[in-house]
Amino acid sequence: SSSGVSVVGLGSPEAGRKFAELLDFPIDKCTLYAEPEGTLYKDLGFAQGFLPEAQVSPYVKLLGMLAGVGSPGTIQEVLRGYIGDRDSKQIFEN
């Protein structure tokens with residue numbers, strides 16, 4: 001049975017099962033949804049990233065995204081996540 005926690009990921013149901021397998025995701029305790037078309041992300045207004053409709057390697061899209069094309073501020077947030085920033089506003093409470 002589900003604990004009330006749901007996770008939605010972009011990709012096919014097969015990719016979702018592989019994700020759960022590789023990361024030992026507790027599918028017996030959470031509900032994992034696959035969203036192959038990305039409709040939910042678009043409806044929520046999330047940035048679609050660099051060249052969202054282009055049929056190119058995901059690595060090309062990743063490089064563009066990290067450079068901030070189509071998703072401004074991404075590289076700054078990734079780096080801040082790795083090195084930390086004690087002066088930044090806390091977004092989660094303890």
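Predicted model: local features only at pLDDT ≥ 70, side-chain atom pairs only at ≥ 80, totals over all residues.
**View 1. Strands E1 and E2 run parallel.** Strand E1 covers residues 6-10, and strand E2 covers residues 31-35. Helices (H or I, at least four residues) and strands (E, at least two) are DSSP runs, numbered from the N terminus. Five bridges join E1 to E2. Two strands pair if DSSP finds at least two bridges between them. Val7 stands opposite Leu32 in E2. Gly9 stands opposite Ala34 in E2. Ser6 lies in strand E1. Ser6 and Thr31 are 25 residues apart in sequence, yet 4.6 Å apart in space, C-alpha to C-alpha. Ser6 is partly exposed, at 45% relative accessibility. Here buried means under 20% relative accessible area, exposed over 50%, and partly exposed in between, using a 1.4 Å probe and protein chains only.

**View 2. E1, helix H1 and E2 make a right-handed β-α-β unit.** Helix H1 spans residues 13-22. A crossover is right-handed if, with the strands pointing away from the viewer, the path from the first strand over the helix to the second runs clockwise. Asp24 sits in the loop between H1 and E2. Its phi is near 55°, a positive value in a residue other than glycine. Is Asp24 buried or exposed? Asp24 counts as exposed because its relative accessibility is 67%.

**View 3. Phe19 and Phe25 form a tilted pair.** A pair of aromatic rings is described by the distance of the centres and the angle of the planes. Rings of Phe, Tyr and Trp (its six-membered ring) pair if their centres lie within 6.5 Å; planes under 30 degrees apart count as stacked, over 60 as edge-to-face and the rest as tilted. The centres of the Phe19 and Phe25 rings are 5.6 Å apart. Their planes stand at 50°, so the pair is tilted. Phe19 is partly exposed, with a relative accessible area of 36%. Phe25 counts as buried, at 16% relative accessibility.

**View 4. Tyr41 and Phe46 form an edge-to-face pair.** The ring centres of Tyr41 and Phe46 are 5.4 Å apart. The planes stand at 75°, which means the pair is edge-to-face. Tyr41 is partly exposed, with a relative accessible area of 24%. Phe46 also counts as partly exposed, at 45% relative accessibility.

**View 5. The largest pocket has a volume of about 590 Å³.** Of the 20 residues that line the largest pocket, the closest to its centre are Leu10, Tyr41, Ala47, Gln48 and Gly49. Helix H2 (39-43) and helix H3 (58-66) are the elements that give two or more residues to the lining. Which element gives the largest share of the lining? H3 does, with four residues. The lining residues divide into 10 nonpolar, five polar and five charged. Ala, Val, Leu, Ile, Met, Phe, Trp, Tyr, Cys and Pro count as nonpolar, Asp, Glu, Lys and Arg as charged, and the others, Gly among them, as polar. On a 1 Å grid over the protein atoms alone, a pocket is an open set of points where a 1.4 Å probe fits, with protein on both sides within 12 Å along at least five of seven lines; lining residues have an atom within 4 Å of a point. Grid points are joined across faces, edges and corners, and a volume is the space filled by probe spheres set on the points.

Conventions:
Residues numbered from 1 in each chain as written. Heavy atoms only, no water.
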